[in-house]
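Here is a short note for a colleague who is meeting this structure for the first time. Please read the points with the model open beside you.

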Amino acid sequence: MKELVYATDDKGNYTTALSSGWEPKSIALSNSIAEINERIEAAKAEVKAGQASPIVYYMELHKMDPQILASYVGIWKWRVKRHFRPKVFNRLSDKLLQKYADTFDITLDELKNFKAE
């Protein structure tokens, strides 16, 4: 199977070429997955160290960014970012935390009592 892709020629100019198989796509996909997993592990470490709220971990786990999460929860992006701080997170109402839990498809208890393996 061949596919039209962008490539660079001998002079460094962009041109089109036919792909020679799945290997380039497999490498790119593998690199993307590895980067996502690193971000998830970094977020988990921050939460365990008390440097970030569980919202950060679940946001990364679900491959979201603050803007996307804000649209799902129905609040401003700056508020979502504020909720990344553990002190602020600990003062959030159960009603708001339930919106986050629903978005992440977890229980309120799982969100409040973070235990990532």
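1. Start at Tyr100. This is a predicted model, and in it Tyr100 has 0% relative accessibility. The cut-off for buried is under 20%, so Tyr100 counts as buried. Tyr100 lies in helix H6, which spans residues 94-104.

2. **The ring geometry.** A pair of aromatic rings is described by the distance of the centres and the angle of the planes. The structure holds five aromatic pairs. One of them joins Tyr100 and Phe104, with 6.4 Å from centre to centre and 20 degrees between the planes. Planes under 30 degrees apart count as stacked, so the Tyr100 and Phe104 pair is stacked.

3. Which residues do ring pairs link into a cluster? They are Tyr57, Tyr58, Tyr100, Phe104 and Phe114. Tyr57 and Tyr58 are among the buried residues of H2.

4. **Two sides of H6.** The buried residues of H6 are Leu96, Leu97, Tyr100, Ala101, Thr103 and Phe104. Their arc around the axis is only 160 degrees, which means that they sit on the same side of H6. Lys95 and Asp102 are exposed on the other side of H6.

5. **What the buried side meets.** Which helices do the buried residues of H6 pack against? The list is H2, H3, helix H4 (77-82), helix H5 (86-89) and H7.

6. **Thr103 in detail.** Thr103 has its place in helix H6. Its relative accessibility is 18%, so Thr103 counts as buried. A polar atom of the Thr103 side chain lies 2.9 Å from the backbone oxygen of Lys99. Leaving out residues up to four places away in sequence, Thr103 touches Met64, Leu69, Tyr72 and Val73. Of these helices and loops, the record of positions is worth checking by eye: H3 covers residues 66-73.

7. **The end of H6.** Just after H6 comes Asp105, with a positive phi of about 60 degrees. Most residues other than glycine have a negative phi. Asp105 has its place in the loop between H6 and helix H7 (108-112). Is Asp105 buried or exposed? Its relative accessible area is 70%, so Asp105 is exposed.

8. **Helix H2.** H2 covers residues 54-61. Seven of its eight residues are buried, so H2 is largely enclosed by the rest of the structure. The buried ones are Pro54, Ile55, Val56, Tyr57, Tyr58, Met59 and Glu60.

9. **After H2.** Lys63 follows H2 and has a positive phi, near 55 degrees. Lys63 lies in the loop between helix H2 and helix H3. With a relative accessible area of 57%, Lys63 is exposed. Asp105 is another residue with a positive phi that is not glycine.

10. Glu41 lies in helix H1, residues 23-48. Its relative accessibility is 45%, so Glu41 counts as partly exposed. Glu60 is one of the buried residues of H2. How far apart are Glu41 and Glu60 in sequence and in space? They are 19 residues apart in sequence, and their C-alpha atoms are 9.1 Å apart.

11. **The chain as a whole.** The chain has seven helices and two strands. From the N terminus on, the elements run β-β-α-α-α-α-α-α-α. Of the 117 residues, 32% count as buried. The chain exposes about 8,300 Å², and carbon and sulfur atoms supply 52% of that area.

12. **Contacts along the chain.** Take the contacts between residues at least 6 apart in sequence. Of these, 38% join residues at least 24 apart.

Methods. Residues numbered from 1 in each chain as written. Predicted model: local features only at pLDDT ≥ 70, side-chain atom pairs only at ≥ 80, totals over all residues. Heavy atoms only, no water. Phe/Tyr/Trp six-rings, centres within 6.5 Å; stacked < 30°, edge-to-face > 60°. Helix = DSSP H or I, 4+ residues; strand = E, 2+ residues; numbered from the N terminus. Buried < 20%, exposed > 50% of the residue type's maximum accessible area, 1.4 Å probe, protein only. Polar contact = N/O pair within 3.5 Å; in protein donor to acceptor, adjacent residues only side chain to side chain. Contact = heavy atoms within 4.5 Å. Arc of directions from axis to C-beta. Areas by Shrake-Rupley, 256 points an atom, 1.4 Å probe, with all protein chains shown as cover.
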